[in-house]
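Subject: Structure for you to look at

Dear colleague,

I am passing on a structure that I would like you to look through before we discuss it.

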Amino acid sequence: MTGTIRPCVTGMGVITPIGLDLETFWESLLAGKSGAAAVRSFDTSALKSSIGCEVPAYSVPEPVRRHVLGGRCTELALLAAAQAVEQAGIGPLLREAPDAAVVVGTTMGDVTLFEQERAKHTDRQADDRELASLAHRPLDVMGRSIARMFGLSGPVTTAPTACAAGAYAIGMAAALVSRGRVRRALAVGCEAFSRLAFVGFTRLGAMSPDLCRPFSKDRPGLLLGEGAAAVVVESEKDALSRGAPVLGYVDGFGLSCDAYHVTGPHPEGLGAVRAMIGALEEGQIPRDAIDYINAHGTGTHLNDKVESLAVRRVFGERAPRLPVSSIKALTGHMMGAAGCVEAVASLLAMRHGVIPPTWNWLEADPECAIDCVPNEPRPARLRHVLSNSYAFGGNNASLLLSAPPDAGGPVS
Amino acid sequence: MSSRRATTYDCVVSGVGLVAAPGRSPQDLHLSLCRGVPCWPQDSAAPGGGALAAQPSAAPIEGFNIREHLDRRGLKDLSRTSQLACAAAAPLAAALEGVPPSQVGVVLGSCWGSLSTVVDFEWETCTVPVRLVNPLLFAETVSNVPAGQVSIQFGWSAFNLTVSSGSASGLAAIREGAELLSSGRAQAVVAGGADAITLPALRVLGADGVLAASRGSRPFGLARSGAIGGEGACLFILESPDRARARGVTPMARLRCAVIGFAEPRDPDQGPRAEEVTPLLRDLLDQAALDPREVQLVAASACGSPRGDREEARAIHEVFGRGPEAPFVMAPKGILGETWGASGPLAAAAVIESMRTGRIPGRPLGFVPDPDLPPVNMPPEPLARPVRNAVILTRTETGHLSALLLQAPEERDAA
């Protein structure tokens, strides 16, 4: 990172379509258990697509519920944050020193309350009651709720940077710690299953009618998902001094903007290339040291083609042998949560020494000439991992994550 | 041990682009504040104002036309927030001559994102067949698209970031821009805020009791009853003093120090209490190594909130004291309305113009001070006074806090 302090991760939490805790999530990634099912949240009869990856039924304990200022997205965020804080064991520390930062990434924020209120009124007239569901300020309500739950008084920042937001949240949190602005930060990516997004992506022609098959030839498109992930970031020194286990390091945060098109990537992948190189340069890690890339890999024709091209541009001759996988075949595209969930998957992969594969892959696509780790987990010793996230507005982010010394897996 | 919050920067403001109800330049803005006449029609039945102007608590930018700011195709389909942001960015493109576009990053703060487009899109999805729903309208619902549009229009590609923290978004964006600049991610950063006033937001806030009951905002004034909903965009060029000098650009101000924080409001009508604001302001001054008496001007966040303004007045009074050495205070929202994400940057632009002209705006016309508030040193009339150091504060009813300390450029900054 750009600062002088090495930021590490000491706690993680996930609420996803394939698991409501770290263990179940990881087991599902390795077993190929998909979250895809018929959409339950709203009526899809008028839509071409009716499959999505929704979070299974969950409960919100009363100590969490009383801090929920918004709707479903806020619930998911708080549940993930509670897991991360518990794993990090920093609950008492936050009470003693409440100036930790909260950085939240999201795409739509908490608009589902508005959708639900509107759906109750068949005449579709916008009355004050329906609009009042926006009064909680849907963009930043998740961060305020998290600060409220832990009694925090440090900076609360929301980065609504669409489908790269989860990665932005981790990168910004790590930068705050690395530069000594705060000692601890909680980074959260979150998204609730939204009818607006479902219709929007359908109209953009990006949705798959059945399965998501990242990097596979004739891939049909993405599945929309929802979820949340949270990580506790603190200085390595602080973590070690209090005896907390280090789960991994955030060593680089590469950013770029395509400045090309609102919804489509630059056809040459220039922005994606610059984000990956930026993360490597910030971490001062040579390209050869990257053992795995957790791809954005949405399963759309264009994204996977351009991301593959960008990987080839950055890693050259090594690219065809560099493992690159996408977990979106199982989780769907969790939008603002995706980058954070995928960073957690990357940290788990380093810890367990296993690369989660790209499930549902059928056939090689010459336009995706990479090793996408198809359909089977792969044991590997992972020292450094890149996690890529791309978004509307041309927002690109790559996280460089590094393993703790006790990480598992066979040495290649 | 408590973490340090305020941060000092070696950073200058070398360009300002804005669009607001009074006009499209810092001079227009400052002149309007000095005139002391609110930007909203005093007669709600004024002809030609449209649906927004007919709202008793709205101060829209009348007649805003993006084509007058930027003559490019496809702009009319953008959300109003995107249009406002692009309009504010337009004059900065020329001011960034000599900086490669790949070395310019963008940070935009917005409270509401494209709320109106969200509501419009939701409406469309329910009232027309799905196959006819406009996919581009969906793209414009996404909150980072206004910032993305700025990058697309001008090719600024070092990075692109949107931040949202209520009315504190704009100053938070400037602080984040200074962080990214100082970490070497770009040679220059375009940072600020943009928000459009929309009927849905007005209705939400009206129901919430945030808006004024009548067509008057009256920050710190007697009979204040809430905010007037405004809109606007204001973006700064941030770069290092050395780089500005090398480009032959004389800076407009130095961004000396910035701070952001949060205080869970105990009462939503009140926002953070004075006791929660004062530590941030003191930290800002401490980090800048300034005595409160060395600050000549404070741009307040007050919007006419009965209880919120009281807390802010208490905080300013507590930190800066009273008497002849206390800084003057201006409350731009009494003229511009609450412009949300744009409010902090617009206040900062007015401060910079006060530094340049040596003229401090006075109270809005007809202002009657609230005798129950701690005295706030708002001059009765505009007055000539050099401004060397100024603090810009934003605080939101939802608990966000942000503040900047700007300094007038030094002789050594001159190109």
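What follows is an account of what was found, taken topic by topic.

Please keep in mind throughout that this is a predicted model.

I begin with the sheet of chain B, in which 10 strands are arranged in the order β4-β3-β5-β7-β1-β8-β14-β13-β9-β10, forming an open sheet with mixed pairing. Its edges are β4 and β10 (328-330) of chain B, and because each has a single partner strand, one side of each is left without a neighbour in the sheet. From one strand to the next, the twist averages 25 degrees. Within this sheet, β8(B) pairs with β14 (residues 400-407) of chain B in the antiparallel sense, over 8 bridges, and B:Ala258 stands opposite B:Leu404 of β14(B).

Two helices of chain B can be described together with the sheet. Helix α7 (residues 169-182) of chain B lies across β1, β3, β4, β5, β7, β8, β13 and β14 of chain B, and runs at about 165 degrees to β5(B). Helix α13 (residues 343-357) of chain B packs on the sheet as well, where it touches β1, β5, β7, β8, β9, β13 and β14 of chain B, and its direction makes about 165 degrees with that of β13(B).

Turning to the contact between the chains, 55 residues come from chain B and 57 residues from chain A. On the side of chain B that touches chain A, at least two residues each are supplied by α4, α5, α6, β4, α8 and β8 of chain B, with α4(B) giving the most, namely 7 residues. Sorted by class, that side of chain B has 25 nonpolar, 25 polar and 5 charged residues.

Helix α8 (residues 199-208) of chain B has several buried residues, among them B:Leu202, B:Val204 and B:Leu205, and just after α8(B) comes B:Gly209, which takes a positive phi of about 80 degrees.

Most residues other than glycine have a negative phi. A:Val373, although not a glycine, has a positive phi of about 50 degrees; A:Val373 is found in the loop between β11 (354-355) and β12 (378-379) of chain A, and is buried, with 23 other C-beta atoms within 10 Å. B:Ala223, also not a glycine, has a positive phi of about 65 degrees; B:Ala223 is found in the loop between α8 and β6 (229-230) of chain B and, with 13 C-beta neighbours inside 10 Å, counts as partly exposed.

With best wishes

How values were computed
Residues are numbered from 1 along each chain as its sequence is written. Chains are lettered from A and ligands numbered from 1 in the order in which they are written. This is a predicted model: local features need pLDDT of at least 70, side-chain atom pairs count only at pLDDT 80 or more; totals for chains, interfaces and linings use all residues. A residue is buried if 20 or more other C-beta atoms lie within 10 Å of its own, exposed if 12 or fewer, and partly exposed in between; C-beta atoms are placed from the backbone. Helices (H or I, at least four residues) and strands (E, at least two) are DSSP runs, numbered from the N terminus. Two residues are in contact if their C-beta atoms, placed from the backbone, lie within 7 Å. Ala, Val, Leu, Ile, Met, Phe, Trp, Tyr, Cys and Pro count as nonpolar, Asp, Glu, Lys and Arg as charged, and the others, Gly among them, as polar. Two strands pair if DSSP finds at least two bridges between them. Axes are lines fitted to C-alpha atoms, for helices over the stretch in contact, and angles run from 0 to 180 degrees between N-to-C directions.
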